[in-house]
Amino acid sequence: MSDTTIGHWLDNEAYQGTSGRFGDVTNPATGAVTAQVVLADEDDAARVIAAAKRASTAWATTSLTQRTKIVFRFRELLNERKTELAAIITSEHGKVLDDALGEVTRGLEVVEFACGMPHLLKGSMSEQISGGVDIHSKRQPLGVVGIISPFNFPAMVPMWFYPLAIAAGNTVVIKPSEKDPSAVVWTAELWKEAGLPAGVFNVLQGDKVAVDALLDSPDVKSISFVGSTPIARYVYERASQAGKRVQALGGAKNHMLVLPDADLDLAADAAVNAGYGSAGERCMAISVLVAVGNIADELVAKIAERTRTLRIGDGTRGTDMGPLVTLAHRDKVASFIDAGDEAGASLVIDGRESPADGADDGFWLGPTLFDHVTPDMSIYTEEIFGPVLSVVRVDTYDEGVALVNTNQYGNGVAIFTRNGGAARKFELEVEVGMIGVNVPIPVPMAYYSFGGWKNSLFGDTHAHGVEGVHFFTRGKVVTTRWADPAESPSGGLELAFPTHG
Ligand code: NAD
């Protein structure tokens, strides 16, 4: 038990709510409970959503110049104090400090993109489409928007959405993961310091009760969700039925295809970085390496050699890989290793036996490498979301692409080759939203959009970039007639469908 309570945030103040429900927040490197997060009930949720609603008209009509200045100030403050945020992420998520800083930096890029909102919101205008008639388009904010985020990027994933939503004139309610809820509260305080008016950025802490309240509230106009596929599907269906605009990003099983002509040292480095970075708790992690042709023995040896050099331990001590987020998650990932072993895959490196530089009660699990994995094994079919890399051997490129294309997920994929023609063919054929060519984690820059295909995304709009701006705004087209004062203002009677001559 801990005396520290992490609350909601509304009207630019912390709010403890009245639900009397709490969840434990732990430090994964020590196993200690470091705080209690409040878990909202319906009344708490209604109160937070009401604050966002109260602020929405004033914020939507605040000048674009003023809104952008506040977003820019937020960018400056975040940049100055990003190491503070990184430390918070490490203390609740467990990822190593460098990685946490990388997460903040990628989020910061979306804030920088949002500073260009005056340009992004420009509509178009056509003059004299008919005598005295002009037409122009504009985009307007939705009102209150809901954001529900996962544990694995407690700062960056919310930042995929709220900078654009706020800059475009919406007010937001964010429901962070209850496993690492402090990062979003810290950013709430930063927004206040940047001059954001009360009620524009609100935080609703909680679990399914809080999520359902956001999905059902008629005052919440859109939902941006990121998390596992079953919950993404549920969120998509329930919020769509409630008439909302929804983008629900789900799980992943990202493949890395290595062709026989690839630079195997480059591929081995990439597989280790993308397989074990952040302990595999990334939706863009590589979890399946598809070795094409006769390179598998050499490639697996190179990966194993590199993996054995990784230092596992407390992320504040300059290690390479931290613990998993919770004990339950650590045990779930370990059970996948048991299952792969029992199913007959070759266990080249067993993370269950890795020593860790950290407290005994930390949620440790070392990097695990399986070879000779087949597509019927659970370590292949399921999203593990931990430091487990499975090597599948295939004879041809076509077999490799077929594996990727028949997988239920389509978030990220990578191909390693020296052949530009092969890479181009892959880009054309592969059914995945984000593709890397000799790049293992192809997370798009903020000015492009992030999103997968198939069961990795429900809805049709990806996160950030121009698609993000469209998601958080609605279009209007205005057709205007102003007669020349020297001419007759009357158009005469004409009941036929209007055409513009
Ligand atoms: P999760 O689905 O357990 O939780 C995500 C959010 O949903 C959290 O805020 C949680 O409180 C809420 N939630 C959990 N159970 C719920 C329920 N029954 N009803 C309503 N809401 C519920 O996901 P997680 O474990 O926090 O995050 C890991 C998952 O997120 C992985 O599957 C990963 O692939 C995915 N992810 C996807 C992307 C992407 O861009 N596609 C990015 C990051 C993470």
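Me: How many salt bridges does the count come to by the rule used here?
Reply: The count comes to 27 salt bridges, where a salt bridge is a side-chain nitrogen of Lys or Arg within 4 Å of a carboxyl oxygen of Asp or Glu. This is a predicted model, in which local features need pLDDT of at least 70 and side-chain atom pairs count only at pLDDT 80 or more, while totals for chains, interfaces and linings use all residues. Residues are numbered from 1 along each chain as its sequence is written, and side-chain values use heavy atoms, with hydrogens and water left out.

Me: What makes the contact between the side chains of Glu193 and Arg81 a salt bridge?
Reply: The N to O distance in this pair is 2.9 Å, and because the limit is 4 Å, the side chains of Glu193 and Arg81 qualify. The pair links distant parts of the chain, 112 residues apart, with Glu193 in helix H7 (residues 182-194) and Arg81 in the loop between helix H2 (64-80) and helix H3 (82-93); helices are DSSP runs of H or I with at least four residues, and strands are runs of E with at least two.

Me: Why is Glu193 called partly exposed?
Reply: The relative accessibility of Glu193 is 48%, and the class partly exposed lies between buried (under 20%) and exposed (over 50%), with a 1.4 Å probe and protein chains only; Glu193 therefore counts as partly exposed.

Me: What sets the positions of Glu429 and Lys425 about one turn of the helix apart?
Reply: Glu429 and Lys425 both lie in helix H15 (residues 420-429) and are four residues apart, about one turn of the helix. They also form a salt bridge, with the closest N and O atoms 2.8 Å apart. Glu429 counts as partly exposed at 31% relative accessibility, and Lys425 is partly exposed at 37%.

Me: Why is Tyr448 placed in its accessibility class?
Reply: With 56% relative accessibility, Tyr448 counts as exposed. Tyr448 is found in the loop between strand E20 (434-437) and strand E21 (453-454).

Me: Which domains is the chain divided into, and how many residues of each are in contact?
Reply: The chain is divided into domain 1 (5-250 + 456-477) and domain 2 (254-437), with bounds that come from an automatic or database domain assignment. Across the two, 20 residues of domain 1 are in contact with 25 residues of domain 2, and their centres, taken over C-alpha atoms, are separated by 31 Å.

How values were computed. Contact means heavy atoms within 4.5 Å.
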